[in-house]
Structures are given as structure tokens and as C-alpha cells.
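I opened this notebook to keep a record of what I looked up in the structure, entry by entry. The model comes first, and my notes follow it.

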Amino acid sequence: QVQLVESGGGAVQAGGSLRLSCAASGDTWNNNCMGWFRQAPGKEREGVAGIDTGGRSSGYVDSVKGRFTISQDNAKNTVYLQMNNLKPEDTAMYYCAAGYAAYGWVCGRVRATDFSYWGQGTQVTVSS
């Protein structure tokens, strides 16, 4: 089992920045994929960014490329999502997820079916 706790959400104006953190505990050694997903009211859950914690390969949804950066601190079992130049359309509940993949590139495609464990979420609200 893996427990995930997100933090760092909040309310910012458009153009601002936030850094989300996801602290993992439990059987983290067996889960090499870490990802961030988001879900806005009335919309489907969307994969935002994913990283292979072993090989460092990563991937992003097109709408956040160049603005968001996923990173990790293996010593702290923590994954971060640095979000810059935030837009109102980034407003959503953001969820951290963990899973195992045989190939690192799988983590970067950020598909919910590749992840087994989920956090409770942290709200991000961007005003115009």
C-alpha cells in the first residue's frame, strides 16, 4: 500500500505560480510512476504530468507544456509540480497518483489506468 498526501494548493491570480507537493509513504519502492491529475467541476479527470522516478523520464499534457514542471526528491519520497503562468482554465482539484510500470515512458503518458494509488487532492483556483 502507498499513502499519498498532497499540499500546496491555493488561490492565485492569472500569471501567478504555485508548487504542489506530494509526500509518499508505505510501499513506495514498488511504484516507479508518479503523476499529477486534475479534475474541474463538470469535467473528466485529466492527466497533467507524470514522471518515472527511476529513470527520470517525464511527460506532460499539451496544455501545460512550458508552464508546469514535475520533479522529485527521492530522499524525501516527494514529488513536486511547479506551476507557472497559471491560467483560469488550470482551476481544478489536483490529485497525486502512484503506480508501477515496466517501462518508464508509460509514466509520462499519464493515463489514470497506469496508476494504482491516489491522494485526496488539493484545490487550485486561478482567477482572471
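**Entry on Q3.** I began with Q3, which touches A23, A24, S25 and G26 when residues up to four places away in sequence are not counted; contact here means heavy atoms within 4.5 Å. Q3 lies in strand 1, where helices (H or I, at least four residues) and strands (E, at least two) are DSSP runs numbered from the N terminus. At 40% relative accessibility Q3 counts as partly exposed; the classes are buried under 20% relative accessible area, exposed over 50% and partly exposed in between, with a 1.4 Å probe and protein chains only. I also looked up the C-alpha atoms of Q3 and C22, which are 19 residues apart along the chain and separated by 9.8 Å.

**Entry on the source.** I note that this is a predicted model, in which local features need pLDDT of at least 70 and side-chain atom pairs count only at pLDDT 80 or more, while totals for chains, interfaces and linings use all residues. Residues are numbered from 1 along each chain as its sequence is written, and side-chain values use heavy atoms, with hydrogens and water left out.

**Entry on A24 and N77.** Not counting residues up to four places away in sequence, A24 touches Q3, L4, M34 and N77. The C-alpha atoms of A24 and N77 are separated by 5.4 Å, although the two residues are 53 residues apart along the chain. N77 itself lies in the loop between strand 7 and strand 8 and is partly exposed, with a relative accessible area of 35%.

**Entry on phi angles.** N77 is not a glycine, yet I found a positive phi of about 50 degrees for it. I wrote this down because most residues other than glycine have a negative phi. V110, also not a glycine, has a positive phi of about 50 degrees, and V110 lies in the loop between helix 1 (104-108) and strand 10 (117-118). Is V110 buried or exposed? V110 is buried, with a relative accessible area of 8%.

**Entry on S21.** S21 has its place in strand 3 and counts as buried at 16% relative accessibility. Leaving aside neighbours within four places in sequence, I listed V5, E6, S7, W36, T78, V79 and Y80 as the contacts of S21.

**Entry on the nonpolar cores.** A nonpolar core is a set of buried Ala, Val, Leu, Ile, Met, Phe, Trp, Tyr and Cys residues joined through side-chain atoms within 4.5 Å. Which residues have the most contacts inside the largest core? They are M34, W36, L81, M83 and Y94, in a core of 26 residues. At least two residues of this core come from each of strand 1 (2-7), strand 3 (18-26), strand 4 (33-39), strand 5 (46-52), strand 7 (68-73), strand 8 (78-83), strand 9 (92-99) and strand 11 (122-127). Another core, of eight residues, lies apart from it, and among its members are C33, F37, A97 and F115. For L81, leaving aside neighbours within four places in sequence, the contacts include W36, V48, F68, I70 and Y94. As a general point, nonpolar side chains in soluble globular proteins tend to be buried together.

**Entry on I51.** I51 is found in strand 5 and is buried, with a relative accessible area of 4%. With neighbours within four places in sequence left aside, its contacts include C33, M34, I70 and C107. I51 and V2 are 49 residues apart in sequence and 17 Å apart in space, C-alpha to C-alpha.

**Entry on the whole chain.** I counted one helix and eleven strands in the protein chain, which read along the sequence as β-β-β-β-β-β-β-β-β-α-β-β. The C-alpha trace spans about 40 × 30 × 25 Å along its principal axes. With 128 residues, a compact globule would have a radius of gyration near 14 Å, and the 13 Å of the protein chain agrees; the radius is taken over C-alpha atoms, and the globule rule is 2.2 Å times the number of residues to the power 0.38. Buried residues make up 44% of the 128 residues. Among contacts between residues at least 6 apart in sequence, 59% join residues at least 24 apart.
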